[in-house]
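Hello! Here are some notes to go with the model you are about to look at.

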Amino acid sequence: MLRAGAPMKVSASISPAPVVGQVVTLNIEIRATDGRAMPNTTMTVTLPSGVEAVSGDLGWAGDIAQGQIASIDLTIR
């Protein structure tokens, strides 16, 4: 959940276009947007029912320095 007023931008993309039963790559990025570092940041991916993670971590934790991007790449089906 992204809290209102949070100093970050979250974006996600899937490649190639999803087709039921086929493997795709899900990329999620968090970017610090207000010129501040974001220490102790956590990101957790919750997949919808019927979608499974084939590889990759569903979570990330760490510090995001000013202007830095944290990302998760998952292979899903």
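The points below go from confidence and conventions to the sheet, and then to single residues.

1. Conventions. This is a predicted model, in which local features need pLDDT of at least 70, side-chain atom pairs count only at pLDDT 80 or more, and totals for chains, interfaces and linings use all residues. Residues are numbered from 1 along each chain as its sequence is written, and side-chain values use heavy atoms, with hydrogens and water left out.

2. Confidence. The mean pLDDT of the protein is 89, and 92% of its residues reach 70 or more; pLDDT is the predictor's confidence in each residue, from 0 to 100. Confidence is lowest in β3, at a mean of 90, and highest in strand β4 (residues 53-55), at 97. Strands here are DSSP runs of E with at least two residues, numbered from the N terminus.

3. Four strands, in the order β1-β2-β6-β4, make up an open sheet with antiparallel pairing. Two strands pair if DSSP finds at least two bridges between them. At the edges are β1 (8-15) and β4, each of which pairs on one side only. On average, neighbouring strands of this sheet are turned by 35° against each other, direction ignored; the axes are lines fitted to C-alpha atoms, and angles run from 0 to 180 degrees between N-to-C directions.

4. Two bridges join β4 and β6 in the antiparallel sense. Ser 55 has Thr 75 of β6 as its bridge partner.

5. The salt bridge. How many salt bridges does the rule give? The count comes to one, where the rule asks for a side-chain nitrogen of Lys or Arg within 4 Å of a carboxyl oxygen of Asp or Glu. The side chains of Arg 77 and Glu 52 form a salt bridge at 3.1 Å, N to O. Arg 77 lies in the segment after β6 (69-76) and Glu 52 in the loop between β3 and β4, so the pair ties together parts that are 25 residues apart in sequence. Arg 77 is partly exposed at 38% relative accessibility, and Glu 52 is partly exposed at 42%; buried means under 20% relative accessible area, exposed over 50%, and partly exposed in between (1.4 Å probe, protein chains only).

6. Asn 27. This residue belongs to strand β2. Is Asn 27 buried or exposed? Asn 27 is buried, with a relative accessible area of 15%. Its side chain makes a polar contact of 2.5 Å with that of Asp 73; such a contact is a pair of N or O atoms within 3.5 Å, and within protein one must be able to donate a hydrogen and the other to accept it, while residues adjacent in sequence count only if both atoms are side-chain atoms.

7. Val 24 and Ala 32. Val 24 is in strand β2 and is buried at 6% relative accessibility. Beyond four places in sequence, Val 24 touches residues including Ile 14, Leu 74 and Ile 76, where contact means heavy atoms within 4.5 Å. Ala 32 is also found in β2 and is buried at 8%. Ala 32 and Ala 70 are 38 residues apart in sequence and 9.0 Å apart in space, C-alpha to C-alpha.

8. Thr 41. Finally, Thr 41 sits in strand β3 (residues 38-44) and is buried, with a relative accessible area of 8%. Leaving aside neighbours within four places in sequence, Thr 41 is in contact with Ile 30, Trp 60, Ala 61, Gly 62 and Ile 64.
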